[in-house]
Amino acid sequence: MKLFYTVNSQYARIVRAAILELNLSERVELQIVTVRDPNSELLNYNPTGKVPTLATDDGFILSETYIISTYLNQLNPEIKLVADNSDGFSRQLEGITSAFIDGISIWTRELRRPHSEQSPGTIEFERERALRILDYFEKISDKLDQTPKLAHITLASALGLEIRLPDLQWRQKYPKLANWYDKFSKLPSIQATRPES
């Protein structure tokens, strides 16, 4: 199998951490690719040009973080990384953390555009959504453990985007969540997949 990724993709980071947590490092080759590039090797595998992309041993091309993570978890079902229907709380967290990381990604991309092309409405909408979700996680922080599940890895990846989004400034207002994040971030899989910027 081969995983195509970029170093700074938060979505690929989730899958890379999942590979480590599922003890699949020897089965999955990692290949860095370029994106938004008409000459990218990735386009030979995935016409969407998105990372992460997983080329499976049985000839399938999988994209989207959740789909890839679910597939990988089936290769090592002894470890419950992706929640099943019997774990409603973890399923709930998977949905909320997914929306959280999507919103922060949109906010970050909007701020990278030239100032004259930015949408203040989009920025404000995503800022407000992020704060609502942060409020939620602060309230339930005592229910978050250090078990590396897909929801936890996604949450840590989203919070880690603070290095790209100084406007977020979440740590002081959400001390319980910051405490959880600082501990969870010490996991080898999270350390090994830290973005460069």
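**View 1. The largest cavity of the predicted model.** The largest cavity holds about 30 Å³ of space, in a structure that is a predicted model. A search of the whole structure for cavities of 30 Å³ or more finds 1. Its lining is made up of V7, N8, S9, Q10, R13, S157, L161, T193 and P195. Divided by class, these lining residues are 3 nonpolar, 5 polar and 1 charged.

**View 2. The largest pocket, with a volume of about 800 Å³.** A total of 32 residues line the largest pocket, and S9, Q10, Y11, V51 and R109 are those that lie nearest its centre. Two or more lining residues are given by each of the helices α1 (10–21), α2 (65–75), α3 (88–112) and α5 (150–159). The largest share belongs to α3, which provides 10 residues of the lining. In the lining of the largest pocket, 13 residues are polar, 11 are nonpolar and 8 are charged. S9 and Q10, which lie nearest the centre of this pocket among others, also belong to the lining of the largest cavity.

**View 3. The second largest pocket, with a volume of about 220 Å³.** The lining of the second largest pocket comprises 14 residues, with N73, K80, V82, A83 and D84 nearest the centre. Helix α2 gives the most to this lining, namely 4 residues. The class division is 6 nonpolar, 4 polar and 4 charged residues.

**View 4. The largest nonpolar core, with 49 residues.** In soluble globular proteins, nonpolar side chains tend to be buried together. Within the largest core of this model, the residues with the most contacts are L54, L72, F100, L159, W170, L177 and W180. At least two core residues come from each of β1 (2–5), α1, α2, α3, α4 (120–139), α5 and α6 (175–184). Helix α5 supplies the largest share, 7 residues.

**View 5. The surroundings of L72 and a separate core.** L72 is one of the residues with the most contacts inside the largest nonpolar core. When neighbours within four places in sequence are left aside, L72 is in contact with M1, V15, I19, L22, L24, V28 and L54. L54, a contact of L72, is likewise listed with those that have the most contacts inside the largest core. Another core lies apart from the largest one and has 5 residues, including F4, V33, L42 and A55.

Notes:
Residues are numbered from 1 along each chain as its sequence is written. This is a predicted model: local features need pLDDT of at least 70, side-chain atom pairs count only at pLDDT 80 or more; totals for chains, interfaces and linings use all residues. Side-chain values use heavy atoms; hydrogens and water are left out. On a 1 Å grid over the protein atoms alone, a cavity is a set of points where a 1.4 Å probe fits but cannot get out, and a pocket is an open set with protein on both sides within 12 Å along at least five of seven lines; lining residues have an atom within 4 Å of a point. Grid points are joined across faces, edges and corners, and a volume is the space filled by probe spheres set on the points. Ala, Val, Leu, Ile, Met, Phe, Trp, Tyr, Cys and Pro count as nonpolar, Asp, Glu, Lys and Arg as charged, and the others, Gly among them, as polar. A nonpolar core is a set of buried Ala, Val, Leu, Ile, Met, Phe, Trp, Tyr and Cys residues joined through side-chain atoms within 4.5 Å. Buried means under 20% relative accessible area, exposed over 50%, partly exposed in between (1.4 Å probe, protein chains only). Contact means heavy atoms within 4.5 Å.
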